[in-house]
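Visitor: I have a structure open and want to learn to read it. Can you take me through some features?
Guide: Gladly. Let us look.

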Amino acid sequence: MSKSVYKYAAEAGLPVGLYLSLMSACFLLSLEAPFLPTLLLPLAIGFPFLLAWHMRRMGRSEPSYMRVSALWLCGIYTVIFGTLICCLLSALYLVAVDPGFLGRYVSEALAAIESGPAASQYADTAELIRKALDSKMVPTPTEFVSTMGWLTCFSGSVLSLVIAMILSATSRRASADIWR
């Protein structure tokens, strides 16, 4: 009996969730280890390849799923399941381990703006950030994690559509070449 698209997506959700959690950790631990944010760009570039690999794996296991609709659905659910794992781990860190992270991060950003060589050009921005800090307008950990989750799910669904279209087109071209 063949597996459903949802089962393939659920199986892919764990490694994708751990990958997204690694990206999140690079940001959340950036104040303790300043080199970690430099890993975010390579990880972000690698994410579409990881997602495409999981989507292609499903399509190769079940050739009838090598259509845009099935591939896209698999990608969407894979990203959703992965995002849930990442949001859970990020929320646990921000609530239980380092609840003041966001405030400290914004304060560090303000200090960097004010001490930079172009501080006078960004005086208005620095003043706006200072007012936000003073009036406690920094997002709570829950607000931050939920926003991060929504953004990841939305951008992941768009990315999944692009990948699904590419995989479907390359699959049709490959199968057409077999019959020549």
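Visitor: At roughly what angle do the axes of helix α2 and helix α3 cross?
Guide: This is a predicted model, so read every value as computed from it. Helix α2 covers residues 40-61 and helix α3 covers residues 68-97. Their axes cross at roughly 125° and come within 10 Å.

Visitor: What do we call α2 and α3 relative to each other?
Guide: Start with the cut-offs. Angles of 65 to 115 degrees count as roughly perpendicular, and those over 145 as roughly antiparallel. The angle here is roughly 125°. Therefore α2 and α3 are oblique to each other. The crossing of α2 past α3 is right-handed.

Visitor: Which residues make the contact?
Guide: From α2, take Phe47, Leu51, Met55 and Met58. From α3, take Ala70, Leu71, Trp72, Cys74, Gly75, Thr78 and Val79. Sort the residues of this contact by class: nine are nonpolar, two are polar and none is charged.

Visitor: How does α1 cross α3?
Guide: Helix α1 spans residues 5-28. The axes of α1 and α3 come within 6 Å and cross at roughly 40°. That makes α1 oblique to α3. The crossing of α1 and α3 is right-handed. Their contact has 19 nonpolar residues, eight polar ones and no charged ones.

Visitor: Cys74 sits in the contact of α2 with α3. How many disulfides does the structure have?
Guide: First, the general idea. A disulfide is a covalent bond between the sulfur atoms of two cysteines. Here, a search of the whole structure finds zero.

Visitor: Now a backbone feature. What is the phi of Lys136?
Guide: Positive, about 55°, although Lys136 is not a glycine.

Visitor: Where does Lys136 lie?
Guide: In the loop between α5 (123-134) and α6 (141-178). The cut-off for exposed is over 50%. Lys136 has 72% relative accessibility, so Lys136 counts as exposed.

Methods. Residues are numbered from 1 along each chain as its sequence is written. This is a predicted model: local features need pLDDT of at least 70, side-chain atom pairs count only at pLDDT 80 or more; totals for chains, interfaces and linings use all residues. Side-chain values use heavy atoms; hydrogens and water are left out. Axes are lines fitted to C-alpha atoms, for helices over the stretch in contact, and angles run from 0 to 180 degrees between N-to-C directions. Helices (H or I, at least four residues) and strands (E, at least two) are DSSP runs, numbered from the N terminus. Angles under 35 degrees count as roughly parallel, over 145 as roughly antiparallel, 65 to 115 as roughly perpendicular and the rest as oblique. A crossing is left-handed if the near helix is turned anticlockwise from the far one by less than a right angle, and right-handed if clockwise. Contact means heavy atoms within 4.5 Å. Ala, Val, Leu, Ile, Met, Phe, Trp, Tyr, Cys and Pro count as nonpolar, Asp, Glu, Lys and Arg as charged, and the others, Gly among them, as polar. A disulfide is a pair of cysteine sulfur atoms within 2.5 Å. Buried means under 20% relative accessible area, exposed over 50%, partly exposed in between (1.4 Å probe, protein chains only).
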